[in-house]
Amino acid sequence: LALRAGRAQEAVLLSSSAIEISQEAEDRRREAAGLRLLAEARLVQGDDGPRAECEEEATASGASEGPLPAASQALAICREVQDKQGEAESLHTMAQVYLSTHALEDALRTAQEAVDVLAADESTDGALVPVPDSDEESQGPQQQEALALPAGTGSGEESQEALRGRQAYAVHTLATAYLATKAPKEAIEAAGEAVRLFRALEDVQG
């Protein structure tokens, strides 16, 4: 909530506390979720506002300074515990960080990886549509994105809807990455697929 309200400094402190609590509880999935939130808060924070106290707290919780190290740590944890949804979310966060720093090839790579992980995840039970690489012109549109539900929450129907929402936002980021790397054809295809997914979810804002 703090991050959505634009209070990035507060979000850094809260996410750092959440990471510490998760580490004490040895809850690796929630630790990864906290690291993703920390990365997103640092990304929003940018160079604005006081950082010393925030970064001291974050470093104490084991996360190196900057958004990319936190997102990378989250990705490593998710792969370690075989959390596919968390892996896709972490890749999506990394793609956003790369876009913000104009590391465009890395942004495109991680955005595509996020889409591929979502599409291949067996827990989706076919709810998500696979997205081809940009080289595979014979195949259709592209996709990607995420923020995971805590384990064991929500009905199956709610979970499927959440997965489709993650996919829609992932595809949107992939379209942005294609546009940034001057691949307009792929960007248009991905953007069109994102619109289709958002409309299916009745997500007007998306």
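This is a predicted model: local features need pLDDT of at least 70, side-chain atom pairs count only at pLDDT 80 or more; totals for chains, interfaces and linings use all residues.
The protein contains 8 helices and 0 strands. Its pattern along the sequence is accordingly written α-α-α-α-α-α-α-α. The chain has 206 residues, and 44% of them count as buried. The accessible surface is about 10700 Å². Carbon and sulfur atoms account for 51% of that surface. Contacts were also sorted by sequence separation. Among those between residues at least 6 apart in sequence, 64% join residues at least 24 apart.

Two helix pairs were examined in detail. The crossing of H2 past H4 is left-handed. On the H2 side, the contact is formed by Arg-28, Glu-31, Ala-32, Leu-35, Arg-36, Leu-38, Ala-39, Arg-42 and Leu-43. On the H4 side, it is formed by Pro-67, Ala-70, Ala-71, Gln-73, Ala-74, Ile-77, Cys-78 and Glu-80. By class, this contact has 11 nonpolar residues, 1 polar residue and 5 charged residues.

The other pair joins helix H5 (residues 84-100) and helix H6 (residues 104-120). Here the packing angle is about 160 degrees, and the axes are 8 Å apart. H5 and H6 are therefore roughly antiparallel to each other. They cross in a left-handed manner. H5 contributes Lys-84, Gln-85, Glu-87, Ala-88, Leu-91, His-92, Met-94, Ala-95, Tyr-98 and Leu-99 to the contact. These residues meet Leu-104, Asp-106, Ala-107, Arg-109, Thr-110, Ala-111, Glu-113, Ala-114, Val-117 and Leu-118 of H6. By class, the contact of H5 with H6 comprises 12 nonpolar, 3 polar and 5 charged residues.

Ala-76 belongs to helix H4. Its relative accessible area is 46%, so Ala-76 is partly exposed. The limits for that class are 20% and 50%.

His-102 has a positive phi of about 65 degrees, although it is not a glycine. His-102 sits in the loop between H5 and H6, the helices described above as roughly antiparallel. With a relative accessible area of 65%, His-102 is exposed. The cut-off for this class is over 50%.

Lys-182 is the other loop position. Its phi is positive, at about 60 degrees, and Lys-182 is not a glycine. The residue is found in the loop between helix H7 (156-180) and helix H8 (184-200). Lys-182 has a relative accessible area of 76% and is therefore exposed.

Note on methods. Residues are numbered from 1 along each chain as its sequence is written. Side-chain values use heavy atoms; hydrogens and water are left out. A crossing is left-handed if the near helix is turned anticlockwise from the far one by less than a right angle, and right-handed if clockwise. Helices (H or I, at least four residues) and strands (E, at least two) are DSSP runs, numbered from the N terminus. Contact means heavy atoms within 4.5 Å. Ala, Val, Leu, Ile, Met, Phe, Trp, Tyr, Cys and Pro count as nonpolar, Asp, Glu, Lys and Arg as charged, and the others, Gly among them, as polar. Axes are lines fitted to C-alpha atoms, for helices over the stretch in contact, and angles run from 0 to 180 degrees between N-to-C directions. Angles under 35 degrees count as roughly parallel, over 145 as roughly antiparallel, 65 to 115 as roughly perpendicular and the rest as oblique. Buried means under 20% relative accessible area, exposed over 50%, partly exposed in between (1.4 Å probe, protein chains only). Accessible areas come from the Shrake-Rupley method with a 1.4 Å probe; for residues, only the protein chains shown count as cover.
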